[in-house]
Each structure stands twice: as structure tokens, then as C-alpha cells.
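Here are two friendly exercises to work through with the model on your screen. Try each task before you read its solution.

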Amino acid sequence: MREPGIGFSLPVYALLAGVLVWPMAYVFYLSFYSFHLLTGQMSFVALHNYAAVVKDATFLSAIRNTCLYTSASVTLELLLGVGMALLLHRPGRFMAIVRGAVIAPWALSPVVAGLVWRMLFHSNYGILNYLLSLLGVPMGQLQWLSTPGLAMVAVITTEVWQNAPFVYVIVYAGLQSLPAEPEEAAAVDGASPWQIFRFITLPQLVPAIGVAGSFRTILALREFTIPWTVTGGGPANATLMLSIYLYRQMLQFFELGRAAAVGWIMLLLTAVLAAAFVARASRPPESALTQ
Amino acid sequence: MRGPRRCGDPRDRRITRRQVLRAAKDAGLASLISSWAVKQASAAPPGRLTWLTHPVFGDVTHDLLLRYKNETGTEVVLDKVPYPGLREKAYLELSSGSDRYDLISITQDLWTWDINARIEPLDGLMQSLPPEAPSDLNARLLSMFRGPDGKLYGWPLRSGVFILHYRRDLYEEMKLTVPRTWEEYKANARALNKPPERYGNFIMGTQDQFAFHDWQNYFFNFGGKLLSPDHRRCLINSEQGVRATEYWLSFVKENLVPPGAASAKWDDEIAAMQQGLAAQTIGWSPYAIPINDPKKSKFSGKFGWAVAPVDPKSGMRHSETFLTCWGVFIPRASRNKEAAYKFLAWITNRQNDLLMALAGNGPVRNSTYAQSMYVRMNPAAAATLEALKYGNPGLPPLPKRPEITVLINQELNAGVAGKKTAKQVVDDIAAGVTRLLSS
């Protein structure tokens with residue numbers, strides 16, 4: 001029997017097709033062409049754009065950097081976010097103010113966050129090096145933004161500072177919805193606080209952590225603003241992310257075909273990782289309650 | 001199963017297919033009309049010019065724009081966009097054939113010839129409406145905006161060339177002389193170096209255009225040439241290129257520059273000179289004004305300026321440093337091309353070039369550099385004019401210039417970060433650039 005509501009859904013499908021499916025299909029189509037925006041010349045090159053990108057050492061280094069950046073920042077954000085949620089999920093006199101304050105970084109524009117942290121990490125005028133100098137580390141000894149390894153630490157720190165509150169908000173909401181009875185029953189049965197957390201609270205939080213983790217993974221994989229404003233991808237390409245590589249192809253070189261190929265590679269990478277996260281998050285939680 | 005209909009049943013209020021089609025038709029018509037209206041509204045009407053430009057021009061032209069409106073009735077509206085968004089927006093506007101802007105500013109080193117078909121050549125307008133004292137306009141700057149067809153595509157508006165900025169008080173105190181050779185410059189840097197309070201030099205080694213800007217001053221003055229005359233081969237890994245790069249990187253290795261050279265940009269350079277962290281540098285000439293600004297600099301009045309040193313072995317008679325200039329382009333799609341050109345000719349006449357220079361601009365007329373008011377305001381004027389004569393604009397505006405620039409910056413930055421030797425840097429640049437030129 002024909003669904004009566006299908007006709008009403010058609011405009012939504014049409015809109016989605018127009019703003020999502022068609023652009024994606026067009027970008028896919030473009031990825032098989034050499035198309036320079038300024039000259040307007042367009043010629044079919046089959047898989048050449050993909051081959052050129054995959055052979056480019058800068059692209060491979062961007063993939064490595066993006067994976068390192070994403071895995072490190074999402075892990076730290078989850079640890080910090082869950083920790084903050086557990087700490088702040090208890091009654092207290094000033095808890096409302098504290099809960100509001102910890103999400104402040106998340107409310108800040110990433111450009112502002114990036115520029116502020118760039119100043120904080122400055123070798124000669126940064127407050128971080130100033131504080132270290134009080135501990136005996138000479139000013140300028142640590143060149144945060146000029147040393148490849150330290151520059152990655154700097155961008156990850158900025159990313160974690162800004163986005164751990166997002167994980168906190170999701171996990172805190174999850175904690176609020178948990179029933180108190182299982183924890184109370186476990187306490188009566190003599191379980192230690194750690195056992196209660198490990199075997200009762202944490203398993204029930206897995207779906208919330210999974211949601212937060214998958215969101216952060218997807219967003220960190222395509223993160224542009226923070227690495228761009230803090231280091232610009234340097235030094236020596238040590239913080240060059242896929243998004244910066246894509247930006248160069250698209251808006252600095254105007255090589256739309258190559259940019260389209262990079263965009264599709266990024267999409268596939270994101271889809272695979274996001275699917276893995278969603279699959280993990282949708283597994284039923286293992287807990288004492290379900291055993 | 002559907003039940004019998006009753007009064008007020010929602011199914012009675014169903015929207016018919018005809019209604020949906022009519023609504024879709026109306027929406028389509030409305031969007032067509034509104035897009036046409038937006039297009040009409042976005043094009044500048046007669047009596048108003050729209051100018052896509054960098055925020056710096058808001059500061060240096062502010063009073064002049066008010067005067068221009070009073071004198072001619074033409075309002076010039078600025079759309080100020082900082083880098084790197086400015087170049088992107090400018091190129092997207094030009095390539096789309098948009099008539100939104102009548103004037104578009106970008107620096108010469110970011111202009112590429114492949115956009116020329118979208119730009120109005122200015123030669124015809126110049127002939128029919130000659131600017132005031134055309135021979136006074138700096139010929140070197142004008143030549144930078146000529147295309148391969150010899151036509152003039154951009155109008156110079158803000159010039160700058162790299163010169164030596166040094167702490168005159170320290171030079172006097174230590175009895176140092178203004179260096180004429182790189183050897184003397186290094187000797188001065190060693191004498192002035194007193195880390196961590198003060199360093200003998202400053203280099204911009206960050207992974208964007210600034211590393212390339214900075215390095216070129218050393219490279220040209222070692223006698224280096226970027227490309228072969230036919231633009232097919234990269235000559236950066238010549239003997240001069242290796243020596244220049246080794247010399248440039250040696251300041252980092254010997255700790256003669258403040259920590260953080262691999263992320264240092266133009267604003268760091270200005271701050272280092274203002275705060276006394278660096279005692280000398282080869283920097284852009286317009287920076288002399290903020291470096292010497294009594295409100296911002298701890299050492300205002302204690303600076304000196306001169307042309308950059310050269311390598312005596314190169315056989316060069318004159319110092320040749322990187323020369324760059326902001327140009328204004330008139331899009332071919334503009335509806336107010338003549339009015340836009342008239343405005344450019346007016347804003348760069350002798351009086352207005354001086355007024356802009358007094359507001360912090362880099363003049364484009366030779367006569368401005370000799371004006372006593374300007375020399376009082378900018379004591380680096382004489383050194384700047386001398387450096388302008390032999391300034392080198394670097395890479396020609398080849399279509400591959402953006403990619404070449406990114407590659408060179410990347411490699412130079414790797415050298416500053418200690419990841420590559422000078423030889424590896426220039427060899428990798430030469431191989432990469434030659435590959436790009438042949439692609």
C-alpha cells in the first residue's frame with residue numbers, strides 16, 4: 001500500500017539531493033578531470049588525480065599527521081571529558097558555575113582559540129615559556145612552534161583544550177540519565193568506588209562515549225582552523241593536516257580536480273573510521289547488570 | 001485500515017498535488033527574481049566604486065576617500081579582507097566574471113598571468129586620461145605589473161623593498177660600521193649577539209611566504225638567479241644558491257637569531273626590533289615606521305637604515321633585495337572601469353601619494369621620497385629609494401607560481417627547522433620547481 005506521507009517528504013529528499021547528493025556526485029565527477037579554475041580548462045584524466053595525490057610525499061605526510069593528531073587528541077579528549085563529567089556529576093555549592101566555566105573553551109571561536117594558543121606557545125613572549133623559566137628552563141629553550149615534535153604537541157593541546165568540553169557535555173548528559181539504584185545496590189553489597197565505576201557506571205556510559213568519540217573523530221579528521229592558526233602546517237610540514245593539503249589544492253593552486261580527489265579520499269577515510277566507532281558504540285554494554 | 005471520515009478529520013485538509021506544484025512554481029519564480037535582484041544590487045551603481053582590498057588601505061586612504069567623495073561625488077566603498085582570504089576572494093571574483101568589484105588589490109608576488117583575461121589592461125585608459133606626471137611614477141614598480149604581452153594590468157599603490165634595519169645606538173657604542181658585505185654583517189651580528197636578551201639578526205623562517213621573502217634578500221645578494229631566462233629550469237641550486245642558503249641558515253645554527261625562527265613571521269620581526277630582542281635585520285622597508293614608532297618601540301630614534309650587504313665574490317655593484325608592491329586591478333567585468341581608473345590616477349597623484357605615505361604607505365612616486373615632510377616622518381626613505389632602484393620582484397607571475405612558492409617555503413622552512421642541510425634544501429627546490437615548470 002502506498003505510504004500517504006511520501007509526497008510530503010519529497011521536498012526534503014529533493015533538498016537533500018540538491019545540497020548533498022548532487023555536490024558529492026559532482027565532486028566525484030570532477031576528481032576524474034584536470035580542471036584549473038582560472039583558465040577554465042577541463043580535460044578527462046581518469047585516475048591521474050588520485051595517482052598524483054597518492055604519490056605525493058606531502059600528502060602521505062599529511063595522512064600520517066592527521067592520523068596522529070586525531071588519535072592523540074580524541075583519546076585525550078575522551079579521558080578528560082569523561083573525567084570532568086565524573087568530577088562534576090556530584091552536588092556542590094558552586095557546581096553550576098564550574099559546569100558553566102568548563103564548557104567556555106568550546107564556546108570560543110576556533111580561530112580565536114588558535115591565535116590565543118599561538119601567543120601562549122610563543123618562544124620569546126609566550127606565557128608558557130615564561131612559567132617554565134620560573135622553574136629554571138631558560139626562556140626560548142623550548143621552541144614550541146618551531147620544533148617539529150613540539151609543534152604537534154602544541155596543536156593537539158589546543159584541540160584538546162577546546163574540544164574536551166564537548167565530550168564532557170555528552171557524557172555528563174549520559175550520567176544524568178543513569179538510574180541510581182544499581183550503584184546504590186552495589187555499594188550495599190560492598191563494592192568499592194572503583195568497582196562501581198568499572199563494572200556499573202562505565203559500561204552504561206559506553207553509548208554516550210561512543211557518540212562523543214565518533215563525533216570528535218569525524219571533526220578532528222577534517223580539522224583545519226586550529227592547525228592553520230597555530231602553526232600553518234609547519235615547521236617542515238610536521239603539522240600539515242589533510243584539510244590544509246586540500247585547502248592548498250583548492251584555494252591556493254585552484255586545481256579543482258586534484259582537490260576533488262583529496263576530498264573523496266578524506267571522505268572515505270572518515271567514513272571508515274566513523275563506521276568503526278559507530279559499530280563499537282552500538283554494541284550492547286558489558287556490565288555486571290547484563291551478565 | 002482507514003476508518004470512515006468524520007468532520008475535522010485531518011485527511012480532509014490534505015494538500016492537493018496541484019497546490020504543491022503551484023507552490024513549487026511560485027518558489028522557483030521568487031528565487032529567480034531574488035537572485036536577479038541580488039545581482040543587480042551587488043554591482044556598484046554609477047557614483048559608487050567598490051574596492052576589494054586589504055585592511056591596511058582603510059588606514060592609509062581613509063581621509064582621501066572622504067575628500068574624493070566631496071570633490072567628485074563618487075563614493076569608494078572598501079571591502080577589507082586580510083590575507084590569505086584576500087587573494088582567494090579576489091581570484092574567485094575575477095574568475096567568475098563577477099561585476100561586484102570595480103577595484104581589486106593584491107600584491108604583485110601573488111598575481112599570476114593566467115587571470116589576465118579577466119583584468120582590464122590600463123594602457124588605453126592611461127593614454128586617454130594620462131595620470132599626473134607619469135614619469136614620476138616609479139618605473140620599476142609599473143614594470144612589475146606588465147603581462148607577457150607588454151600590457152599594464154595593475155596599478156602600483158603600496159611599495160616596499162627589503163633594507164637593512166639596525167640599532168644605530170649599538171653600532172655607535174660598539175664602534176661597528178654599516179656592513180657592505182655579508183662577512184661584515186655576520187661579524188656585526190656576532191658582536192651584537194647577547195642571548196637571551198639580544199640577538200645579532202632576525203630571520204623569518206615560517207612555512208608561508210615569509211621564509212621565501214626573507215631568504216631571497218640573501219640569495220640575490222650572493223648573485224643567485226631563480227630561473228633560467230626561458231623559465232623552464234630552476235637555478236636555485238647553483239653555487240651561489242648553496243652559499244646563500246648556507247649563510248642564511250648559519251644564523252640559526254650559530255644562535256644568532258632569536259629562538260623560534262622556524263615559526264617567525266613579519267609581526268615577530270617588528271616586535272623583536274621594537275623590544276630590542278634583535279639588533280639588526282634585513283626587513284621590509286615599510287616596517288621602519290612601526291619599528292621606530294615612539295608609542296610602540298622601546299628604541300625609537302635609535303635605529304638606522306641602509307641597503308642590504310652584498311657578496312663581493314658575486315661581482316654585484318648594487319644591493320638587490322626582494323621588491324614587492326601592492327597593485328590595484330580593474331576587473332574586465334566592472335561596469336565602472338573608467339571611473340575606477342580615474343580614482344587610481346587621482347589617489348596616486350603627487351599630493352595624495354605623499355598624504356598616503358605620511359599615513360604609513362610605501363610611496364609609488366619617486367618625488368615623494370624626496371619630500372622633507374616624508375623624510376622627517378620616515379628616516380628610512382633614502383635607503384628605501386636606493387634599494388628600490390635595484391629591487392628584484394622574484395619569480396615572474398607564471399601560472400605555477402603559487403605551487404612553486406609553497407614548495408620553496410616548505411623546503412626553506414625544513415632547513416630552518418634543522419631537518420635538511422642547505423644543499424638538500426636547494427637541490428630539493430630545484431628538482432621540485434623544474435618538475436612543476438615542465439608539468
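## Before you start

This is a predicted model, in which local features need pLDDT of at least 70 and side-chain atom pairs count only at pLDDT 80 or more, while totals for chains, interfaces and linings use all residues. Residues are numbered from 1 along each chain as its sequence is written, and chains are lettered from A and ligands numbered from 1 in the order in which they are written.

## Exercise 1

Task: How do the axes of α6(A) and α8(A) cross?

Solution: 
- Step 1. Find helix α6 (residues 110-120) and helix α8 (residues 148-176) of chain A. Helices are DSSP runs (H or I, at least four residues), numbered from the N terminus.
- Step 2. Their axes come within 10 Å and cross at roughly 135°. Axes are lines fitted to C-alpha atoms, for helices over the stretch in contact, and angles run from 0 to 180 degrees between N-to-C directions.
- Step 3. α6(A) and α8(A) are therefore oblique to each other (under 35 degrees is roughly parallel, over 145 roughly antiparallel, 65 to 115 roughly perpendicular and the rest oblique).

## Exercise 2

Task: Which residues of α6(A) and α8(A) meet?

Solution: 
- Step 1. On α6(A), look for A:P110, A:A113, A:G114 and A:W117.
- Step 2. On α8(A), their partners are A:A154, A:T158 and A:Q162. Contact means C-beta atoms, placed from the backbone, within 7 Å.
- Step 3. Sorting the residues of this contact gives four nonpolar, three polar and no charged (Ala, Val, Leu, Ile, Met, Phe, Trp, Tyr, Cys and Pro count as nonpolar, Asp, Glu, Lys and Arg as charged, and the others, Gly among them, as polar).

## Exercise 3

Task: How many residues of domain 1 of chain B are in contact with domain 2 of chain B?

Solution: 
- Step 1. 16 residues of domain 1 of chain B touch 18 residues of domain 2 of chain B.
- Step 2. Helix α16 (residues 381-389) of chain B gives the most to domain 1's side, with five residues.

Note on methods:
Helix = DSSP H or I, 4+ residues; strand = E, 2+ residues; numbered from the N terminus. Contact = placed C-beta atoms within 7 Å.
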